[in-house]
Amino acid sequence: MFLRLLFALVLMAPTLVLADRSCDTKFQKVCIETVRTGNAIAFYAENRYRLLPVTMNIELELLNLHRTEGGAGPFVLGGNERVHVFTLSQRRKSEWSYRYTFTWSRGDITARHDDSHMYRLPFAVGKAFSVGQSCNGNFTHTGPHRFAVDFNMPEGTAIHAARDGVVVDLKENSRSGGPGEQYKDQGNYVVIQHADRTLAQYFHLRPGGAEVRLGDRVRAGTRIGYSGNTGQSTGPHLHFDVIRGTKTVKSETLPFRFITAQGPVRCPPRGTTLRAVK
């Protein structure tokens, strides 16, 4: 999700091995390690999340260097994975330098959503809740976040999986919330990966509000936690979206359909009340 910058300049370096690591400044979860042997620099990408896949993109500014191994990216890293992504080598015997930046986002950029799939509403069968913000909502559902739905509901409402999958990330230790940007990273959540490699995100859970653990396989309808009001939020609700990774710091939300008592629904209008069915 975040950006890091490194600059190196060498004049006819002798043969030696030097290593340097740069990680995202906020979470220290995604890192680049450079290993220099003489006048060649090997780049390694590391994902320290245990199960969550991420997409990383690296931008280079080079002087008298070129890529001799590996690809240009973006690079998809599985949970707890460290991979060699490319090597830079000196073109000719003169001074050389490099500068790089990297960005990363949750999810796999190569995921292809199964548009035929119908999602269950993320609460118990028979329960009904109103939509507080839908697609292209003017508060937070804009740009890459535009395909998301918020359900107004009291804190402590049981949240159920909308689709089969595996729990690949969660947070439940936050007690902070409010409408300001300073609360953006304070929300509790559960993230579930589907068979098509997309991720469903269930946000704003209450403190201690996860009923699942990393690696759990869940079926649609399984209770996974309880709603709350943590993170950037104007009131108690559940935020639900389906995403894949991108080359930037923001994951891309994807369009999807809910099966409801009223029939299939995509991007339900704000104020609509939807009732859950099997």
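C135 is buried, at 17% relative accessible area; buried here means under 20% relative accessible area, exposed over 50%, and partly exposed in between, with a 1.4 Å probe and protein chains only. This is a predicted model, in which local features need pLDDT of at least 70 and side-chain atom pairs count only at pLDDT 80 or more, while totals for chains, interfaces and linings use all residues. Residues are numbered from 1 along each chain as its sequence is written, and side-chain values use heavy atoms, with hydrogens and water left out.

Back to C135. Its disulfide partner is C267, with an S to S distance of 2.0 Å; a disulfide is taken as a pair of cysteine sulfur atoms within 2.5 Å. C267 counts as partly exposed, at 29% relative accessibility. The torsion about the S-S bond of C135 and C267 is about -85 degrees, so this disulfide is left-handed. What does the pair tie together? C135 sits in the loop between β11 and β12, and C267 in the loop between β24 (263–265) and β25 (273–275), so the link ties together parts that are 132 residues apart in sequence. Strands are DSSP runs of E with at least two residues, and helices are runs of H or I with at least four, numbered from the N terminus.

There are two disulfides by this rule. The other one joins C23 to C31, again with S to S 2.0 Å. For C23 and C31 the S-S torsion is about 100 degrees, so that disulfide is right-handed. C23 is buried at 8% relative accessibility, and C31 is buried at 1%. With the bonded cysteines of the protein chain numbered in sequence order, the pairing reads 1-2, 3-4.

Next, the cores. A nonpolar core is a set of buried Ala, Val, Leu, Ile, Met, Phe, Trp, Tyr and Cys residues joined through side-chain atoms within 4.5 Å. The largest has 30 residues, and the members touching the most others are F151, V190, I192, Y202, I224, F240 and F258. Strands β11 (128–133), β12 (148–152), β16 (188–193), β17 (199–210) and β21 (237–244) each supply at least two residues of this core. Which strand gives the largest share? That is β17, with four residues.

Take F151. Leaving out residues up to four places away in sequence, F151 touches, among others, L121, F129, V131, L238, F258 and L274; contact means heavy atoms within 4.5 Å. A second, separate core of 28 residues includes V30, I58, Y100 and V166.

F258 stands opposite V265 in β24. Strand β23 (residues 257–260) pairs with β24 in the antiparallel sense over three bridges; two strands count as paired if DSSP finds at least two bridges between them. The open sheet here has three strands in the order β10-β23-β24, with mixed pairing. Its edge strands, each pairing on one side only, are β10 (118–120) and β24.

I58, from the second core, has F102 in β9 as its bridge partner. Strand β5 and strand β9 (residues 96–106) pair in the antiparallel sense over ten bridges. How many bridges join β5 and β7? Strand β5 (residues 54–63) and strand β7 (residues 75–77) pair over three bridges, also antiparallel. Within that pairing, T55 stands opposite V76 in β7.
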